[in-house]
There are 2 protein chains.
Amino acid sequence: MKTIKDVAKLADVSVGTVSRYLNGYKIKEENRKKIEEAIESLQFTSNPMARGLRTNKTFTVGVLIPRISDIFCTQVIEGIEEVLNPLNYGIVICSANDSLQGQTEKLAYLKNKCVDGIILMPVTSAELDVTGIVDSGIPVVLIDRLVKDCELDAVVCDNVNGAYSAVEMIINKGHQKIGIIAGPQEIYTAQERLTGYLRALEDYNIEINEAYIVHAQYNKTGGIDAFRQLMSLPDRPTAIFSTNYPTTVNSMKVMMEQGLRMGEDISLCGYDQTELFQMFNPPVSVVVQPSREIGINAAEILLKRINGDYSRFPQIQRLKTQLIVTDSVKTLF
Amino acid sequence: MKTIKDVAKLADVSVGTVSRYLNGYKIKEENRKKIEEAIESLQFTSNPMARGLRTNKTFTVGVLIPRISDIFCTQVIEGIEEVLNPLNYGIVICSANDSLQGQTEKLAYLKNKCVDGIILMPVTSAELDVTGIVDSGIPVVLIDRLVKDCELDAVVCDNVNGAYSAVEMIINKGHQKIGIIAGPQEIYTAQERLTGYLRALEDYNIEINEAYIVHAQYNKTGGIDAFRQLMSLPDRPTAIFSTNYPTTVNSMKVMMEQGLRMGEDISLCGYDQTELFQMFNPPVSVVVQPSREIGINAAEILLKRINGDYSRFPQIQRLKTQLIVTDSVKTLF
DNA sequence: TATTAAAATTGAAACGTTTCAATTTTTGGG
DNA sequence: CCCAAAAATTGAAACGTTTCAATTTTAATA
C-alpha cells in the first residue's frame, strides 16, 4: 500500500502539503497538479485508520435494530444509506435479536468500535442506558420508538393519529364493535396506537369494551392467540384493528384456517407493509409508515450532531402515516 | 479516553506487557491481576484504529448486496451476523442499488475502508472485476450467484435441481403445458433454473414449447408482463413456474386482477419466501432457499480466508433447496 | 549456591495520517 | 526594486497501538 509519503516524494513536496491537498485546503496550482499525478500513478488511497487515529473520526455510523430481517427496519436502513453513503460514511449494522441484553451488548460494541454516531431502534421503551455513550460524545438518534426518561433526538411516527385515522375509518363504515390487537404495554408505539384507538372511540361516543382490547406480543404467536381470543368472544367484534405487521399477517392466517372471509365475515385493518397486503383479495386496509423517510431524517439529524451542531436538542420528529382503505373493512350500511 | 499507557502506569508495568495481556499472551499472574484492576478502574477499552494501523486489520467485513430491503438478502445477513458477531467482527452493509455501477463503486469504497474481507452477492453474473481487491489481499466470497470467468469462493443454491424438483412435481400432478417465467439471461441463478426446467421436461419426454419460456426482469413489471404474455397465448399453459420472488408475487397480482383462481384456473409454483406465500389461499407452492445457511457458510469460508487459510480455493458450495407442495398446483387426474 | 536455560518484561520504533509552529515563497504597494 | 504582509510550505510531533531485540527475572539443574 502506498502512503502519503510516497506521494510527497514523487510529487516533490512535503507530506504536509499532500495532507492539505487531501483535506481540501488551498494549495498552489502547480503542486496540486503534481500531487494529483502522483496519486494517480501510485494508485494512492489514504488509510482510514491512520486518519482516524489522528482525528478521532471513523466515518462510520452504527445502526442498531431489533432484528435485521424485519422489513420495516431494512426500509429504514435504505433511507439511512441514501443520506450517509454519498458522504462516504459507512454503516455498521447490528441486530439486538429482539433482546434488551443483545441491545446493551451491541451498544457497547459500537462504542468500542468508535463509531461517529448511532441510530437506534430500541427493543423496548421501558429502559435504555446510553449514558456511557452520550458521555463519550457519540450522538444517538432514536427511531420508531421513544424511551421513557431518555432525552435523545428521535424520529418516530405519529402513531396516535395513525391509529386514530384507521379506527375512525372503521367507525365510518358503520362498525361499533371494534377489537384491537394492541402490542405489549411496555412498547411505546403500542401504547400510542392504543391511545389512538381509545380516542377515536371516545370521539365517536362508542363505549369502550375491555374485552375488545387484547394485548399481544408483537410476533407470530402473539397475533395468532390474540385473534383467536377476539374471535371466541361471545359478542365478538365485527372489525379488528391489528397494530403491527406480524400480528396482522398472523390474524389473516387464523382467519383463513377458520374459513372466515376477510371483509365479509370479519373486517380487518392492519399496520405496515402495504405492498404485500395489497396482494390479497380483498387487499388489506393498512396504516402505512414512511419507513424510508424515518431513515433519511434520522440520518440527517445524526449528521448534524456529528458535525457538532447541537441546536434544538432534543429534536423529536413525528412523521405522519398514511391510511390505505380497502374492502377488507366491510361497509355495514 | 484512556490509553494503554495509562493502564501501564497504573499497573506499574510497561505498555508492552499490557499489550501482551490484551492479546492473550501469557504474563505473570501478579501482573495480570494488576493490569485487570487498572483496566477496570480506568474503564479502558483499546482503540481499534490504533490497533488497526499497526496490524492492518479492521475486524470489519463488508457485505455488498443488490438491495437492502430484499428479504432474501437480509436473511443471508442474519446468518452472516450469527457467525461474525461472536468473534467481534463488524459488518458494514452496502447496497449496489441493483446497478453494476453501484456495485463497482461500493467495492472500491469497501476496499478503501480496509475491510478484512467481503461477502458479495453480485448484481449480474456477466461481469465482475475484483482483481484490485483480490490483489490487495482482501478475500471475497460470492453468494447466491456465480460470475463468469471469476475464480472465487462461493456459496450458492443448487438452482438446477431446485427448479427441476418444482417442475417435476408439476408434471407429476398431470400438467404438460408448463410455462416458465425465467429471469434475465445474464443472471446465473436464472440460467440454472431454466436449465432445471428444461431438464425436467426432457426427462419426462415433454416437448419444449419456446412460447412457454418467457424471459423477464426479476422485478415487478417483469413479473406482470411475463405473466400476461403467458396468459394471452392461444394455447396457454395450465401451470406456471415463476422463478423468483418478485415475479411470483406479481404474477399473483395479475392473476387476481384477471379473476383467475390460483390452483383452479391456473396453477402456480414460485420461488423463495415461503412464510408469506403460505398465507394465501391456497398457499403457494415454492422452492425455498436456505438463505440463513448461505450466510453462515459464506461467513465461515470468509473467516478461513481472512485467517490465511487458502486451502481448497476456490471453494464452491451448493446448498440444496426445499420444495413446498400445495394446492396452488392443481392435480389434473 | 552458582550456572544456565527459559520465561517474562521492557522500551523504543513503527504504522500513516493530521496539525501546527516555524520557515519560505509569493504578492502587491510604494 | 525593496519591503511588508499574506499565502503556502515544511518537517516533526502526536495519535494509541503492536512488535521485537535487548534485558531482566524466574526456574531448573548440578
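**Notes on a predicted protein–DNA model**

1. Chain A has 13 helices and 12 strands; these are DSSP runs numbered from the N terminus, with helices being H or I of at least four residues and strands E of at least two. The model is predicted, so local features need pLDDT of at least 70 and side-chain atom pairs count only at pLDDT 80 or more, while totals for chains, interfaces and linings use all residues. Residues are numbered from 1 along each chain as its sequence is written, chains are lettered from A and ligands numbered from 1 in the order in which they are written, and side-chain values use heavy atoms, with hydrogens and water left out.

2. Now the overall form of chain A. Its C-alpha trace spans about 85 × 40 × 30 Å along the principal axes. The radius of gyration of chain A is 25 Å, whereas a compact globule of 333 residues would have one near 20 Å (taken over C-alpha atoms, with the globule rule being 2.2 Å times the number of residues to the power 0.38). Of the 333 residues in chain A, 56% count as buried, where buried means under 20% relative accessible area, exposed over 50% and partly exposed in between, with a 1.4 Å probe and protein chains only.

3. On to DNA strand C. By class, the surface near DNA strand C holds 8 nonpolar, 12 polar and 7 charged residues. Here Ala, Val, Leu, Ile, Met, Phe, Trp, Tyr, Cys and Pro count as nonpolar, Asp, Glu, Lys and Arg as charged, and the others, Gly among them, as polar.

4. Which atoms of DNA strand C are contacted? Of its atoms within 4 Å of the protein, 68% belong to sugar or phosphate and the rest to bases. Polar contacts are pairs of N or O atoms within 3.5 Å; within protein, one must be able to donate a hydrogen and the other to accept it, and residues adjacent in sequence count only if both atoms are side-chain atoms. A polar side-chain atom of R54(A) lies 2.6 Å from a base oxygen of DNA strand C. On the phosphates, a backbone N or O atom of I4(A) is 2.7 Å from one oxygen, and a polar backbone atom of S14(B) is 2.7 Å from a phosphate oxygen.

5. For DNA strand D, S14(A), N31(A), R54(A), S19(B) and R54(B) come nearest among the 27 residues around it. Here α4(B) provides the largest share of the surface, 5 residues. An N or O atom in the side chain of R54(B) is 2.6 Å from a base oxygen of DNA strand D, and a polar backbone atom of A50(B) lies 3.5 Å from a base nitrogen. T17(A) places a polar side-chain atom 2.7 Å from a phosphate oxygen of DNA strand D.

6. Helix α4(A) deserves a look at both ends. N47(A) caps its N-terminal end, with a side-chain oxygen 2.7 Å from the backbone nitrogen of M49(A). After α4(A) comes N56(A), whose phi is positive, near 60 degrees.

7. Turning to the rings, 9 aromatic pairs are found over all chains; rings of Phe, Tyr and Trp (its six-membered ring) pair if their centres lie within 6.5 Å, with planes under 30 degrees apart counted as stacked, over 60 as edge-to-face and the rest as tilted. The rings of Y245(A) and F277(A) have centres 5.6 Å apart and planes at 50 degrees, so this pair is tilted. It links helix α11 (residues 245-257) to helix α12 (residues 274-277) of chain A, with the two residues 32 apart. Both Y245(A) and F277(A) are buried.

8. Some backbone details are worth checking. Most residues other than glycine have a negative phi, and most peptide bonds are trans. A cis peptide bond joins N281(A) and P282(A), with omega about -5 degrees, and P282(A) is in the loop between α12 and β10 (285-288) of chain A. D149(B), which is not a glycine, has a positive phi of about 55 degrees and counts as exposed at 75% relative accessibility.

How values were computed:
Near = heavy atom within 4 Å.
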